[in-house]
Amino acid sequence: MRKVFGWLLLVIIVTAGAAFLYFRTPDTDAAAMRAKYGAPPSQFVDLGGGLAVHLRDTGPRDAPVLMLIHGSNASLQTWEPWAERLGKRYRIVRFDLPGHGLTGASPTRQYSSAAFVDVVERVRAKLRIEQMVLAGNSMGGGVAWHYALAHPRHLSGLILVDASGQPEPGNTPPPLAFRIARMPVLRNLAAMITPRRLIEDGLKSAFYDQMQVTPAMVDRYWELLRYPGNRVATIDRFSGKPDYATPDRLRAIKTPTLILWGEDDHLIPVSSGRWLAANMPGSQLIIYPRTGHAPMEERADQSAADVYHFVELKALGASRIAPVAEVR
């Protein structure tokens, strides 16, 4: 009987090992990824303490600054549609947060909203930007409103795009990815097994028009998630405690605020956009029909035009603005 159990255990171990080797997806090569996704106008800005961020800083040097913060497991490339449409009128700054894109893992392994706010502030100071309009999508939207609370004097405007912030209902369990991140064995496996199909399915759930999820987009997300250190950083981030908004915190934000939302966002529902708007007096909410979690990509023309009008009329207080066509 012991022999039988011994052989059975050996078969299980061999089978599990073979399955791991078959499904394992190794890290991508850092140099190859930098060559593929980090060509000019990309640059790598040393913020000190061992952290260098992948950043693009384009547009007229003397123009108003629009700084853009991407969402969870995204990268600065998500903002290219806005950079293309608004880049002649504004200085556009976007970068990969630690644990994302070509920036890679944080030397301190800190991925909280407060840690990301500190990175935004260090980028602002490094680039010697005194005033800016700050925009963020999803997790980046959460970072943006946290920044507005911490450093309001540097903001002339705030733009929240399908932003995180509203607390989950008390009886709602955390998302599966967050539960896995808190289980030692599973979190280690999740940092080594990342099938491309998983990324493709996740992206398609974020878009109303799934035709916009191209093979090149899937490859970019999949390859940059496997950039050395990013998967472990993602697990570290998911295992942390969320820092949700409260009505009192939101009412304390006095920066002019534009809230943009996809009506068909299945990741953060449009009800969250309405909740944010209701608790931010004077904010403006625009909802896009037949649009998912990333209006800056899925409704690039309209969302860029709405940003332009907001920046000129609310953030900068311009007395006259150019025709909308000029921002496209």
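Reply: Let us begin with burial: a residue is called buried under 20% relative accessible area, exposed over 50%, and partly exposed in between, using a 1.4 Å probe and protein chains only. This is a predicted model, in which local features need pLDDT of at least 70 and side-chain atom pairs count only at pLDDT 80 or more, while totals for chains, interfaces and linings use all residues. Residues are numbered from 1 along each chain as its sequence is written, and side-chain values use heavy atoms, with hydrogens and water left out.

Me: What counts as a salt bridge, and how many are there?

Reply: The term requires a side-chain nitrogen of Lys or Arg within 4 Å of a carboxyl oxygen of Asp or Glu, and by this rule there are 17 salt bridges. In one of them, Asp57 pairs with Arg91, with the closest N and O atoms 2.7 Å apart. Because Asp57 lies in strand β2 (residues 51-58) and Arg91 in strand β4 (residues 91-95), this pair ties together parts 34 residues apart in sequence; strands are DSSP runs of E, at least two residues, and helices are runs of H or I, at least four, numbered from the N terminus.

Me: Are Asp57 and Arg91 buried or exposed?

Reply: Both Asp57 and Arg91 are buried.

Me: Which residue forms a salt bridge with Arg94?

Reply: Glu80 does, the closest N and O atoms being 2.9 Å apart. Glu80 belongs to helix α3 (residues 80-86) and Arg94 to strand β4, so the pair ties together parts 14 residues apart in sequence. Arg94 counts as buried because its relative accessibility is 2%, and Glu80 counts as buried at 18%.
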